[in-house]
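This report describes selected features of a predicted model. The sequence and structure come first, followed by the notes.

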Number of protein chains: 2
Amino acid sequence: MIDFMIPFAEDRSEPYYEQIYHYIREEIRAGRIHAGERLPSTRLLAEKLGVSRSTTQMAYDQLVAEGYLEARPYRGYYTAEIRQMLDFPVPPGEREAEKGRQPDQTIPSAGGTPDAAAGDGKIDFSPFGIDLGHFPFSAWRKLSRDILREENRDLFASGDPQGEQNLRASVRDYLMGSRGIDCSPDQIVIGAGTEYLMMLVTQLTGLRRIAMENPTYRQASRVIARLGHQVVPVELDKHGMRDDLLEASGADMAYIMPSHQFPTGAVMSAPRRQAMLRWASAVPGRYLIEDDYDSEFRYRGLPIPSMFGADRSGRVIYLGTFSQSVAPAIRVSYLVLPPELTEQYNAIRGEFSPTVSRVDQEILARFLAGGLFERHLNRMRRIYRAKHDQLLAELAPLRDRFTISGDQAGLHILLESQYGRSEPEMIQKAAEADVKIYGVSDYFLRPAVSRTVLLGYANLSEEKIQEGCRRLWKILKE
Amino acid sequence: MIDFMIPFAEDRSEPYYEQIYHYIREEIRAGRIHAGERLPSTRLLAEKLGVSRSTTQMAYDQLVAEGYLEARPYRGYYTAEIRQMLDFPVPPGEREAEKGRQPDQTIPSAGGTPDAAAGDGKIDFSPFGIDLGHFPFSAWRKLSRDILREENRDLFASGDPQGEQNLRASVRDYLMGSRGIDCSPDQIVIGAGTEYLMMLVTQLTGLRRIAMENPTYRQASRVIARLGHQVVPVELDKHGMRDDLLEASGADMAYIMPSHQFPTGAVMSAPRRQAMLRWASAVPGRYLIEDDYDSEFRYRGLPIPSMFGADRSGRVIYLGTFSQSVAPAIRVSYLVLPPELTEQYNAIRGEFSPTVSRVDQEILARFLAGGLFERHLNRMRRIYRAKHDQLLAELAPLRDRFTISGDQAGLHILLESQYGRSEPEMIQKAAEADVKIYGVSDYFLRPAVSRTVLLGYANLSEEKIQEGCRRLWKILKE
């Protein structure tokens, strides 16, 4: 077991857990901690550094989420194979497909119908719900009123097809601060939803053979297919989309959700990210589409860094949305284009028209710039985290028979039966008790047999979560 | 010369000119007035019926615009070849291509940048301008305020991908009253602009060989090409897109602007409409896309009926927009699908997301339903008509050297030199006098030599129009 002392910054400008995280990450990256080495336990390290154990736990969790460390049950934390991955792809045999595990939760960017908690008795664990009870309605209304002043008549004239400059500047600042993306507003294109933006991407890249994670967000795969692209399903393992299968697939573009895969909730590991970036830069014209639809809702640890921020060869197209983070009916999404595609876009931008009204763009720009967005996010993160924690606690009695995953982020968790319960059986049983749960098999691009169900909680009250879980105990304990 | 008496309705429920129009139209359709027959002059008919001459003139103008009558200079009005067209296509030899004549004006639905009247001295006759000085700002603001009430929190939840029901119902009522379209709200799909809706059409029809009028709105042709369709330019004659060339082109879809072609301003004649509909219904799977972008701005006579309303075989896809009629920044357009495509759309609608925010949809729905839209349209029609009349009057001194066309509708007119002045020469000369005018050659899908320029007037004041025309006299009279 390796041993180290972390030199904390005296000014405490960075929380301890972030300092621990950064220190260990740099040691691994620099090769000073070798792959396969065991790290001190969270308790030991906490004692040594004079911090609480939850602090070291948070740092380790983050490193695991990003793939720098591996947590081996009853054994401890080990450094992952990151160095080797940089130079030699690990032979396929060494990777074990472990479909739909790692995980957390989600809400897809192209919004499904929000199946709110329905009638009296019925409890709907929809993974597409959103809690709108805390939408900052009066702030939004005030912004709207301010903007609709006589002076702003120009807001009804035709706008910039790329999106208004001040909204793009606000998005840039947000991406810089929250997602480690250092881009110019010229690289950002505002659009009315993922479908429109995928159409725009298609116009820039031409028709492609697009690899998609299996399982994935099916709506996206259908829209991509109908745009004329060929969709190739590529399996996941615990690191994310398998790069060996991706290479073999003959795809020249890959659509991935590295921060928080839907529906598995998996976070793509650091070595796999590097492998994906290597794949993209190996052949001219290859691209990765990074769908970062809900990176805002991570409840513990640092946010997972974006791949766009880590990309040095201009091969990542970033896709973000305000549908989850602000509200589903705010139809504002955005692309961040790499430099080469930005140039191409500039050559043809005059041929496009804006898709979001200028009033809405202006409201959102001020919502972002004035700090309201951040406050709203922090609030929603607290609210969702409380619901998430409650759901996990209520599900505890099922832990001997089910693997619960997808925690610490997003808006749903996954429940996988360890005793051969099938997905349709669980859904059927739950329905008999007036509880609606969702099968993961809907999201597979190839026919799949599943023992896993999704439970969303965003739109459920504390009481509903409690009552729903009680009903599930009875059914699923049997 | 034929002679007839028109039995006016005693209750005067319909204005005289409409009654005259309807009567003659029915006589022609029924074959009681034969093709090639000469009608009484407007003066004679007016005397006979005891109405004013402007009344008979309006009725005749409408019948000419719709292709039922032909106006032959110094000779009078003759019935067009409508009966024959119903049964036997007129041989190509009998049609004379008369590119870019008939006309009026326009503003394209996919909005170009509004080049407002610029600095002091400069006068910009942009065909893409819009007069926002009369936008019903306070009514719009009031609707917005009413809607953003605490009770309407649901407006921020995910909406109907097809568009909100009440907006679709309002659009249906409008189309019924103004465009002769009898459809169900289920056939209407709301979207954020023409590009998005064309993407949606593509997803329903698959990739096609799409015939487009030459010249046409270039932005649309580029978007359509980049969606993966093959664009085939088809020449116009005075009736509209040549159906013989369309048939020969091998296209299986045609994108047309029958009410008011851009940029020529031509109105597709009734026989040609029938020929187009015959073309579409002759082979399963053929479709016409009817882009009706500015049908609202017709200054004299009845509105030109839509082709969708006349279609009996379900082959017309109607494309409308509020970008011109309300404001360019209101990014709301819509499709009306024929029954077969509606069914197809229903099968996949769950896979799409809305592209217009619900708040905006609700504002627009109330704007339409409450009569505000109609009032706004009437007002803008008066304003634009006054500018249009002024521009034509100011250009009168040029009539001996130029053919002026595109009048009575839209937001621009065309000026065609009769004495060999080239388009670039005119633009250059005008620029030297600080006047910006626009060449029609930009809109040809094949390289073209042009002697025609466009003059838009929507965004110019009375003084600017006067001053601009004075400068043009000096330059163009020489």
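How many bridges join S12(A) to strand S13 of chain A? Four bridges do so, and the two strands run antiparallel.

The open sheet of chain A has four strands in the order S12-S13-S16-S15, with antiparallel pairing. S12 and S15 are the edge strands, each pairing on one side only.

| Element of chain A | Residues |
|---|---|
| Strand S12 | 402-405 |
| Strand S13 | 412-417 |
| Strand S15 | 438-439 |
| Strand S16 | 452-456 |

Helix H14 (residues 372-395) of chain A lies across S12, S13 and S16, at about 20° to S13(A). Axes are lines fitted to C-alpha atoms, for helices over the stretch in contact, and angles run from 0 to 180 degrees between N-to-C directions; contact means heavy atoms within 4.5 Å.

A rotation of 180° with 0.0 Å of shift along its axis superposes chain A on chain B, with an RMSD of 0.1 Å. The superposition is by least squares on C-alpha atoms of residues with pLDDT of at least 70 in both copies. This is the relation of a two-fold axis. In chain A, the C-alpha nearest the axis belongs to A:Tyr196, 3.1 Å from it. Because 100% of the interface residues of chain A are also interface residues in chain B, the copies meet through the same surface.

Residues are numbered from 1 along each chain as its sequence is written, and chains are lettered from A in the order in which they are written. Local features need pLDDT of at least 70, side-chain atom pairs count only at pLDDT 80 or more, and totals for chains, interfaces and linings use all residues.

Methods: Heavy atoms only, no water. Pairing = 2+ DSSP bridges.
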